[in-house]
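Please look at the sequence and the structure before reading on.

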Amino acid sequence: MSGDADTVAARTRAPSRETVIRTRGLTRRFGDTLAVDGLDLAVGAGEVYGFLGPNGCGKSTTIRMLCGLLLPTQGEIEVLGLQIPGQAEALKRQIGYMTQMFSLYRDLSTRENLGFVASLYGLPGHAARDRIDELIETYALAAFIDQLTGTLSGGQRQRVALAAAVLNRPRLLFLDEPTSAVDPQSRRDFWDALFALADAGTTLLVSTHYMDEAERCHRLAILQAGRLAAEGTPDELRGRLPGVPLAVDTPDPRKTQRVLESLPEVQSCAQIGSRLRVLVNAQSDLDAVRHALEAEGIEAQARATEPNLEDVFVGATRGQVQP
């Protein structure tokens with residue numbers, strides 16, 4: 001896989017204007033719990049579209065409704081020109097779906113898992129064998145093709161799960177936190193594989209907790225409590241951040257953090273190693289931060305820095321970023 005070149009290609013290639021996912025007022029309740037609240041989405045063909053949000057914000061519930069696996073309480077869903085849930089059966093042959101648990105039979109081998117998926121799609125024997133052979137080569141499965149998937153590493157199971165999810169050559173691929181259980185190198189290799197799919201024209205909707213993965217997406221939807229807190233390209237979202245991030249270097253970060261969190265000018269403060277990342281309301285608040293630290297006798301160097309998606313995420317989930 002070609003690594004960074006694939007990253008650049010997937011981020012810079014302009015997606016089609018064709019809309020392949022559209023929702024209006026999408027809502028789902030579980031008893032008294034409002035899991036998804038009036039969600040309006042529009043995803044273009046060929047996009048790598050990211051769902052970013054804390055646990056319990058509605059990402060998985062939304063994906064399951066888009067796939068036709070869960071009935072909405074109210075609202076409209078159109079996916080690949082089909083009305084969901086009414087035409088869910090027709091949709092299932094055109095999409096792929098990969099969950100964070102990988103949805104593999106652990107007591108079957110890699111080959112048997114892929115063969116079972118091929119049978120679900122009704123592929124005849126020779127077509128199934130040809131497609132499985134192609135996937136073995138594409139995702140480097142040969143070394144464990146006859147090994148039980150329950151004995152594979154997390155990264156190996158991830159590759160098998162991706163192969164199963166794309167066995168039917170889907171136009172649209174849903175991935176629900178697919179890298180949550182693998183190591184950093186496996187995550188990087190996995191995204192290389194996703195970029196190859198995007199370059200070939202597959203639309204991808206990916207939910208994630210990782211900011212570096214969010215950076216790779218064409219566009220992002222940040223969800224909070226089932227609602228759309230913010231949406232746009234990573235650059236657009238950073239540009240809408242209502243505040244100024246600061247980098248604060250100090251030999252006593254814990255004491256410094258306590259002082260900063262007491263200031264009205266400070267929106268958030270987080271320790272990263274020996275440095276603090278602080279979000280203040282405005283550029284002029286930098287002087288207030290410096291004066292407060294001096295008054296407490298704290299040695300520190302504070303300077304403005306570039307915003308990142310973590311700043312945006314914190315701001316959006318606190319209602320401080322415009323959707």
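This is a predicted model: local features need pLDDT of at least 70, side-chain atom pairs count only at pLDDT 80 or more; totals for chains, interfaces and linings use all residues.

Q: What percentage of the residues count as buried?
A: A residue counts as buried when its relative accessible area is under 20%. Of the 323 residues here, 50% count as buried.

Q: How many residues are in the largest nonpolar core, and which have the most contacts inside it?
A: A nonpolar core is a set of buried nonpolar residues joined through their side-chain atoms. The largest one in this chain has 50 residues, and Tyr139, Leu162, Leu175, Leu194 and Ile222 have the most contacts inside it. Helix α7, residues 184-199, gives the largest share of this core, 7 residues. Another core, of 29 residues, lies apart from it, and Leu26, Met65, Ile77 and Leu91 are among its members.

Q: Which residues does Leu162 touch?
A: Leaving aside residues up to four places away in sequence, Leu162 touches Met98, Tyr139, Leu173, Leu175, Phe190, Ala193, Leu194 and Leu197. Two of these partners, Phe190 and Leu194, can be found by number within helix α7 (184-199).

Q: What is the volume of the largest pocket, and which residues are closest to its centre?
A: The largest pocket has a volume of about 610 Å³. Its lining consists of 22 residues, and those closest to the centre are Tyr97, Val117, Leu120, Tyr121 and Ala164. By class, the lining divides into 15 nonpolar, 4 polar and 3 charged residues.

Q: Which helices and strands each supply at least two residues of that lining?
A: They are α3 (88-92), β6 (95-98), α4 (110-120) and α6 (154-165).

Q: How many disulfides are there?
A: The test is whether two cysteine sulfur atoms lie within 2.5 Å. By this rule the count is 0. Cys57, for example, is in no disulfide, and the nearest cysteine sulfur, that of Cys217, is 14 Å away.

Q: Why does Cys57 count as buried, and why does Cys269?
A: Cys57 counts as buried because its relative accessibility is 2%. Cys269 counts as buried because its relative accessibility is 12%.

Q: Where does Leu80 lie, and is it buried or exposed?
A: Leu80 lies in the loop between β4 (74-79) and β5. Its phi is near 55°, a positive value in a residue other than glycine. Leu80 is buried, because its relative accessible area is 11%.

Q: Where does Arg169 lie, and is it buried or exposed?
A: Arg169 lies in the loop between α6 and β7 (172-176). Arg169 is not a glycine, yet it has a positive phi of about 55°. With a relative accessible area of 53%, Arg169 is exposed.

Conventions: Residues are numbered from 1 along each chain as its sequence is written. Side-chain values use heavy atoms; hydrogens and water are left out. On a 1 Å grid over the protein atoms alone, a cavity is a set of points where a 1.4 Å probe fits but cannot get out, and a pocket is an open set with protein on both sides within 12 Å along at least five of seven lines; lining residues have an atom within 4 Å of a point. Grid points are joined across faces, edges and corners, and a volume is the space filled by probe spheres set on the points. Helices (H or I, at least four residues) and strands (E, at least two) are DSSP runs, numbered from the N terminus. Ala, Val, Leu, Ile, Met, Phe, Trp, Tyr, Cys and Pro count as nonpolar, Asp, Glu, Lys and Arg as charged, and the others, Gly among them, as polar. Buried means under 20% relative accessible area, exposed over 50%, partly exposed in between (1.4 Å probe, protein chains only). A nonpolar core is a set of buried Ala, Val, Leu, Ile, Met, Phe, Trp, Tyr and Cys residues joined through side-chain atoms within 4.5 Å. Contact means heavy atoms within 4.5 Å.
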